[in-house]
Amino acid sequence: MSLIGQNESTEDLKLSLRNLWNGLNDQDEVPPIDQEKIYAQIMASQDFPKSKKNRLWQPLAAAVAAVVLLCIAFYSFNGSQALDQFTALAKPVKYHIKPGTNKATLRLANGSTINLNNSAEPSLTNYGNIQIKKNSHGQIIYQVIADSTDARLASSYNVFTTPKGGQYEIILADGSKVFLNANSSLTFPTVFSATQRNVVLKGEAYFEIAKNKKKPFKVSANGTEIKVLGTHFNVMAYEDEPLLKTTLFEGSVQVNTNTATKTIKPGQQAVTYKNQSAIDINESKPDEDLAWKNGYFLFQDEGIESVMRKIARWYDVEVVYKESIPGGEFGGKISRYENILDVLKPLELTGSVHFKLEGRRIIVTQ
């Protein structure tokens with residue numbers, strides 16, 4: 001409403017409307033309201049100036065009604081913030097921090113490192129019986145050219161790593177697909193042994209495991225082991241997160257800690273905790289758990305620290321809290337491919353948090 005009253009430019013207003021629209025959830029219901037009555041009241045209450053300077057108000061009359069209705073719907077979705085907290089956006093900032101892209105590195109067992117990016121180079125390198133190439137979809141394919149029974153290869157390891165602001169997909173020698181989120185790594189043997197397929201994950205990854213009953217696939221992550229035969233699942237195991245979450249979409253998964261073992265089914269999520277052996281089983285939220293892979297942020301009643309950790313990883317920025325950490329919970333949905341300002345502005349609309357950008361540092365205040 002403050003932007004509408006400024007009259008200087010409609011660009012920020014258009015951005016606000018777009019962000020509100022993108023933040024709506026198709027499955028959420030707008031509370032029962034008399035939309036036509038609200039519109040009529042707005043139109044009846046406006047005394048549009050006739051001066052040339054203020055003619056901007058006339059084409060914005062419908063936008064005023066749209067703002068009201070969109071705000072009602074938006075805050076129906078974001079129930080943790082009151083409608084009357086809808087405030088002006090921060091002043092435009094000159095910084096333009098771009099979102100992450102497909103980039104990673106692959107460090108081979110011999111110590112050599114391959115830098116990966118968006119280029120379409122079809123063949124990257126050969127390493128003995130190993131060939132590493134890129135397909136037309138941009139996925140890295142790690143292949144064993146010839147059968148090998150050399151035990152030394154099974155005990156030597158490669159490390160596939162994405163930095164902050166990066167993501168990448170790799171197809172392992174057994175045909176399994178692993179899609180790494182930002183600031184993550186996957187350690188895997190040069191050649192899988194004859195009896196098992198073991199990898200180590202740091203960060204977050206989505207797995208589509210090739211079926212092989214004779215060779216179970218095991219993911220070790222921060223003291224938790226996930227054992228599968230062939231399935232689709234997501235593991236979130238960042239070291240700066242308090243929980244480790246394993247979400248199953250297809251097949252069956254066995255989750256193990258030091259003293260506990262539980263099996264989850266599709267539609268379930270296993271939650272484990274640092275320095276604890278307990279395993280909790282919850283109903284999964286596929287839209288939320290795979291939001292990163294599907295190209296958007298989805299915040300569901302999250303504190304600002306949780307929200308900013310996700311943003312920091314993807315945009316490769318440092319987050320600093322000035323004085324106390326803002327309270328409250330945030331909810332909303334927005335593309336991960338927007339400029340960082342377009343991600344931060346909807347959060348400021350709640351009125352409970354503000355941001356200042358200094359280079360690649362975001363200062364958070366109440």
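The conversation below takes several labels in turn and sets values against cut-offs.

Guide: Please keep in mind that this is a predicted model.

Visitor: What makes the pair Arg313 and Asp240 a salt bridge?

Guide: The closest N and O atoms of Arg313 and Asp240 are 2.9 Å apart, and a salt bridge requires a side-chain nitrogen of Lys or Arg within 4 Å of a carboxyl oxygen of Asp or Glu, so the pair qualifies. Because Arg313 lies in helix 7 and Asp240 in the loop between strand 14 and strand 15, the pair ties together parts that are 73 residues apart in sequence.

Visitor: Why is Arg313 called buried, and why is Asp240 called partly exposed?

Guide: Arg313 has a relative accessibility of 8%, and buried means under 20%, so Arg313 is counted as buried. Asp240, at 44%, falls between that limit and the 50% above which a residue is exposed, and is therefore partly exposed.

Visitor: What makes Arg309 and Glu241 a salt bridge as well?

Guide: Their closest N and O atoms are 3.0 Å apart, which is again within 4 Å, so this pair meets the rule. Arg309 belongs to helix 7 and Glu241 to the loop between strand 14 and strand 15, so parts that are 68 residues apart in sequence are tied together. Here Arg309 is partly exposed at 22% relative accessibility, whereas Glu241 is buried at 9%. Asp240, Glu241, Arg309 and Arg313 are linked in a network of salt bridges.

Visitor: How do you know that Lys356 and Glu358 belong among the salt bridges?

Guide: The closest N and O atoms of Lys356 and Glu358 are 3.6 Å apart, and the limit is 4 Å, so the pair is counted. Lys356 is partly exposed at 49% relative accessible area, and Glu358 is partly exposed at 36%. By this rule the count comes to seven salt bridges.

Visitor: Why is Lys215 said to have no salt bridge?

Guide: The nearest side chain of opposite charge to Lys215, that of Asp174, is 7.8 Å away, and a salt bridge needs a distance within 4 Å, so Lys215 has none, although Lys215 is buried. Lys215 is found in the loop between strand 11 and strand 12.

Technical notes: Residues are numbered from 1 along each chain as its sequence is written. This is a predicted model: local features need pLDDT of at least 70, side-chain atom pairs count only at pLDDT 80 or more; totals for chains, interfaces and linings use all residues. Side-chain values use heavy atoms; hydrogens and water are left out. Helices (H or I, at least four residues) and strands (E, at least two) are DSSP runs, numbered from the N terminus. Buried means under 20% relative accessible area, exposed over 50%, partly exposed in between (1.4 Å probe, protein chains only). Lys and Arg count as positive and Asp and Glu as negative; His and the chain ends are not counted.
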